[in-house]
Amino acid sequence: MTTPSKTWIADLPKDRLIAEFSVWSADLVHLADDLARVDPHVDILHIDVADGHFAPAMLFFPDLVAGVRKVSSRPIHVHLMVADSILLSQIEQFADAGSDLISLHFENESVAAEALDLLDRRGVAAGMVLKVDTPVERVEKYASRLRFVTLLGTAIGVKGQGLDEKAGARLQQAKQIIGGCGAAHRIVLAADGGIREHTVPLLRQSGAETVVLGSLAFNAPSLDERMAWVRAL
């Protein structure tokens, strides 16, 4: 399977929402078939990883990423929700599995600088995620080293929650930080959690360049119609 080009982040669409599909919402029993079904609409595949400690869920694992890499040429964004003590080893394992972008949490700050150094050495793009209650300005010290900044709009690792009322204002603040950090490369602003038909327009208007699409995409009555709507926002 062909892997993404080295310039895949710079090449992502700038005139519409980037379509980032969460594998957590796919049909996991028939994963390869479901990924093939949605592939014409996908810009990025998003794979959540949680250890049951940092986040209440337990998902996914390096072998799954390696399997997805075999059946999809789309960039793979791994979102690590793991304890500081295992973060570096998890980065190594998911880099080996074929991840194109790995996002750690700001809340892993005790090892964040070391983690970003490791991603640089491994040639994997670095992202950072902020929990819904973490002040956005705290990402500023790392912003110039990142390729993605993702703001959570719900509590971590739990499906089906409503979007936090501060999500729009937080995105606007993050956009200002990205714009002022002095990076020469593109940094994509993403929203994750609480992604519903009535929230996506707000997130887009607030500066999100991508939203992590779960059931809104995978369970759409007509995926063609749903994605035409997303791309028109």
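Reader: Are Trp 8 and Phe 148 buried or exposed?

Author: Both Trp 8 and Phe 148 are buried; the term means under 20% relative accessible area, with exposed over 50% and partly exposed in between (1.4 Å probe, protein chains only). The model is a predicted one, in which local features need pLDDT of at least 70 and side-chain atom pairs count only at pLDDT 80 or more, while totals for chains, interfaces and linings use all residues. Residues are numbered from 1 along each chain as its sequence is written, and side-chain values use heavy atoms, with hydrogens and water left out.

Reader: Why is the pair of Trp 8 and Phe 148 called tilted?

Author: The ring centres of Trp 8 and Phe 148 are 6.4 Å apart and the planes stand at 40°, so the pair is tilted. This pair links distant parts of the chain, 140 residues apart: Trp 8 lies in the segment before β1 (18–22) and Phe 148 in strand β7.

Reader: What makes the pair of Phe 106 and Tyr 142 edge-to-face?

Author: The planes of Phe 106 and Tyr 142 meet at 65° with the centres 6.2 Å apart, so the pair is edge-to-face. Phe 106 belongs to the loop between β5 and α4, and Tyr 142 to the loop between β6 and β7, 36 residues apart.

Reader: Why does Tyr 142 count as buried?

Author: Tyr 142 counts as buried because its relative accessibility is 7%. Phe 106 is likewise buried, at a relative accessible area of 6%.

Reader: What makes the span of helix α4 agree with expectation?

Author: The expected span is 1.5 Å times one less than the number of residues. Helix α4 (residues 109–122) has 14 residues and should therefore span 20 Å, and its end C-alpha atoms are 20 Å apart, which agrees. Helices are DSSP runs of H or I with at least four residues, strands runs of E with at least two, numbered from the N terminus.

Reader: Which residues of α4 are buried, and what covers them?

Author: In α4, Val 111, Ala 112, Ala 115, Leu 116, Leu 118 and Leu 119 are buried. Their cover includes α3 (84–96), β5 (101–105) and β6. Gly 123 follows α4 with a positive phi near 70°.

Key
Contact = heavy atoms within 4.5 Å. Phe/Tyr/Trp six-rings, centres within 6.5 Å; stacked < 30°, edge-to-face > 60°.
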